[in-house]
Amino acid sequence: MRANYLFTSESVSEGHPDKVCDRISDEIVDLVYREAAKTGVDPWTVRIACETLATTNRVVIAGEVRLPPSLMKTDKNGNEVINPAKFKSAARKAIRDIGYEQDGFHWKTAKIDVLLHSQSAHIAQGVDKAADSSNSEGAGDQGIMFGYACKETPDLMPAPIYYSHKILQLLSAARKKGEGDVGKLGPDAKSQVTVRYVDGKPAEVASIVLSTQHLDESWDSKKVRQVVEPFIKEALGELKIADDCAWYINPTGKFVIGGPDGDAGLTGRKIIVDTYGGAAPHGGGAFSGKDTTKVDRSAAYAARYLAKNVVAAGFADRCTIQISYAIGIAQPLSIYVDLHGTGKVTEDEVEAALRKVMDLSPSGIRRHLDLNKPIYAKTSAYGHFGRKAGRDGSFSWEKLDLVKPLKDALKA
């Protein structure tokens, strides 16, 4: 491991075009889970893989679904088809909450196409047949998922992504309050923080990049910095800003046209922002828009949960976990642990303990973390990890309730 180095991560705001799409996709996941609960449909039967495209005053929602009857209607030929009304409403509410009311992208006037269709029977059988035969559903796809945790921040996240998120979260909260000049910022923004590590620990911020949309066309980069600098310093807290820190605030100048009007957005294009800012591997599959039979989502949450509890238990200062799956097969094909030379126990011991403390089949993960709920819209911006577990069941994978079971398993 290198002791002294620079590392950089970026974040993007909820108004970034790709994040608008992630938000809409996850609002639709939540809608389906809510409708299932409201109408007495078993949430375990919900299936959704929803992709969103956004561009100038246009949103296209596509994907495969298995829906509660309340989201269906009968067409003129007597066939049961998807009713687009509630999906369009969910998208408009998301756009309005983000804050888009500009000519090129407005929650009221954007044209929304809903192109969802029934899930392929050949995909469904991978989950359903395994459930029928073993009472434990199979994985919804093959793939590899990673989880990571480290002692760099209170939430056991890498420092560069942690602070990049925090800057944008503070700016977003202030923008929505609408007080003073910060209320003239727009929804679209990107941040980037470079941290200097000394002896393997975050020591200071070496550079800060922030580009944010602003609604006042008279503003220049200097004015934007005056508005945002107090929030950046608040977000960084006790982490020192280097004396020679390079600041790049709206370095290209004006940024008035933002969001999908300025650049098209797609679901799933910010997967490094969603996870660890590049400080840990990513399996490649996006999270947003997917129900939790999709191990891209549920197993990545489980891997983070396990890695965080391993570090919190004091077994290591850093932990990376990989889990792999095959479509239709319930139990993972492999579990791999890397403690990056910081382990107080061996990786083999941790791997054995993980299998003892948690059922890592898709159904086991969904049951353990209580994932069959409408809790996903709030994951769509500022990261899926390093967040506070909510009373509504959101971010359950951030809990530290496996610390004692892991310690007991290692003693056994």
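Mentor: Happy to! Let's begin with lysine 290, which counts as buried in this predicted model because its relative accessibility is 13%, below the 20% cut-off. The side chain of lysine 290 meets that of aspartate 296 in a salt bridge, at 2.9 Å from N to O. Aspartate 296 is buried as well, with a relative accessible area of 19%.

Lysine 240 and glutamate 204 form a salt bridge whose closest N and O atoms are 3.8 Å apart. This pair links distant parts of the chain, with lysine 240 in strand E12 and glutamate 204 in strand E11, 36 residues apart. Here glutamate 204 is buried at 15% relative accessible area, whereas lysine 240 is partly exposed at 43%. The two strands run parallel and are joined by 6 bridges. Between them the chain passes through helix H5 (residues 221–236), in a β-α-β crossover that is right-handed.

A further pair is aspartate 113 with arginine 58, where the closest N and O atoms are 2.5 Å apart. Aspartate 113 is buried, at 17% relative accessibility, while arginine 58 is partly exposed, at 34%.

To widen the view, the count of salt bridges comes to 30. Glu14, Arg23, Glu27, Asp97 and Lys176 are linked in a network of them.

Terms used: Residues are numbered from 1 along each chain as its sequence is written. This is a predicted model: local features need pLDDT of at least 70, side-chain atom pairs count only at pLDDT 80 or more; totals for chains, interfaces and linings use all residues. Side-chain values use heavy atoms; hydrogens and water are left out. Two strands pair if DSSP finds at least two bridges between them. Helices (H or I, at least four residues) and strands (E, at least two) are DSSP runs, numbered from the N terminus. A crossover is right-handed if, with the strands pointing away from the viewer, the path from the first strand over the helix to the second runs clockwise. A salt bridge is a side-chain nitrogen of Lys or Arg within 4 Å of a carboxyl oxygen of Asp or Glu. Buried means under 20% relative accessible area, exposed over 50%, partly exposed in between (1.4 Å probe, protein chains only).
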